[in-house]
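Have the viewer open as you read.

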Amino acid sequence: MPLAPLGSATNLAAIAERFGLADVYVFGSRAGEISSGTRRSDTQPAGSDVDIAVRPNGARLLALHDRVELTIELERVLHTSPVVRRAGDLAPFERERQQIVFDGGR
């Protein structure tokens, strides 16, 4: 039985709003697949995970219950078992993004 299409940007935006997220990052070997909403290729191992990081709005910290609920929602929308990475994994990228914004794109 074929799987339903991967989660839409609308679904991910609703999840981000529900949990007060400023950013949702998808990276790793399946980033292109997830961002385009296409199905996993036959070359991907069946157990291949999705690497995801989130950044809450402002100084908000997600409680354990919220992190569990967020993971469940992402698994449901993406039809997979994502790995929610620690925010520190992407800290260098966030600092670079902020520097670009503050420098006016220079």
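## Salt bridges

Searching the whole structure turns up 4 salt bridges, a salt bridge being a side-chain nitrogen of Lys or Arg within 4 Å of a carboxyl oxygen of Asp or Glu. One of them pairs arginine 18 with glutamate 73, with 3.8 Å between the closest N and O atoms. That pair ties together distant parts of the chain, since arginine 18 sits in helix 1 and glutamate 73 in helix 3, 55 residues apart. Helices here are DSSP runs of H or I with at least four residues, strands are runs of E with at least two, and both are numbered from the N terminus. Bear in mind that this is a predicted model, in which local features need pLDDT of at least 70, side-chain atom pairs count only at pLDDT 80 or more, and totals for chains, interfaces and linings use all residues. Residues are numbered from 1 along each chain as its sequence is written, and side-chain values use heavy atoms, leaving out hydrogens and water.

Glutamate 73 has another partner: arginine 76, where the closest N and O atoms are 2.7 Å apart. Arginine 76 and glutamate 73 are about one helical turn apart because they are 3 residues apart in helix 3. Put together, Arg18, Glu73 and Arg76 form a network of salt bridges. Elsewhere, arginine 60 and aspartate 66 meet through their side chains in a salt bridge of 3.6 Å, N to O. As a general point, side chains of opposite charge can pair when their charged atoms come close.

## Who is covered in the network?

Is glutamate 73 buried or exposed? Its relative accessibility is 15%, so glutamate 73 counts as buried; the cut-offs are under 20% relative accessible area for buried, over 50% for exposed, and partly exposed in between (1.4 Å probe, protein chains only). Arginine 18, by contrast, is exposed, with a relative accessible area of 51%. Arginine 60 counts as partly exposed because its relative accessibility is 34%.

Which residues does glutamate 73 touch, once neighbours within four places in sequence are set aside? The contacts are Ile15, Arg18 and Phe19, where contact means heavy atoms within 4.5 Å.

## Overall layout

Stepping back, the protein chain has 4 helices and 3 strands, and along the sequence they follow the pattern α-β-α-β-α-β-α. Of the 106 residues in the chain, 26% are buried. Take the contacts between residues at least 6 apart in sequence: 77% of these join residues at least 24 apart. The chain exposes about 7100 Å², with carbon and sulfur atoms supplying 57% of that; areas come from the Shrake-Rupley method with a 1.4 Å probe, and for residues only the protein chains shown count as cover.

## The core and strand 2

The largest nonpolar core has 13 residues, and those touching the most other members are Ile15, Leu21, Ile52, Val54, Leu70 and Leu78. Such a core is a set of buried Ala, Val, Leu, Ile, Met, Phe, Trp, Tyr and Cys residues joined through side-chain atoms within 4.5 Å. Helix 1 (9–19), strand 2 (50–56) and helix 3 each put at least two residues into this core, and helix 3 gives the most, with 4 residues.

Strand 2 is mostly covered, with 6 of its 7 residues buried. It runs antiparallel to strand 1 (residues 21–27), and 6 bridges join the two; strands pair if DSSP finds at least two bridges between them. Alanine 53, in strand 2, counts as buried because its relative accessibility is 1%. Alanine 53 is the bridge partner of tyrosine 25, and the two are 5.0 Å apart, C-alpha to C-alpha, despite lying 28 residues apart in sequence.

Glutamate 94 belongs to helix 4 (residues 91–102) and is buried, with a relative accessible area of 10%. Beyond neighbours within four places in sequence, glutamate 94 contacts Asp23, Tyr25 and Arg55. The C-alpha atoms of glutamate 94 and arginine 55 are 9.4 Å apart, with 39 residues separating the two along the chain.

Valine 68 lies in helix 3 (residues 64–78) and counts as partly exposed at 40% relative accessibility.
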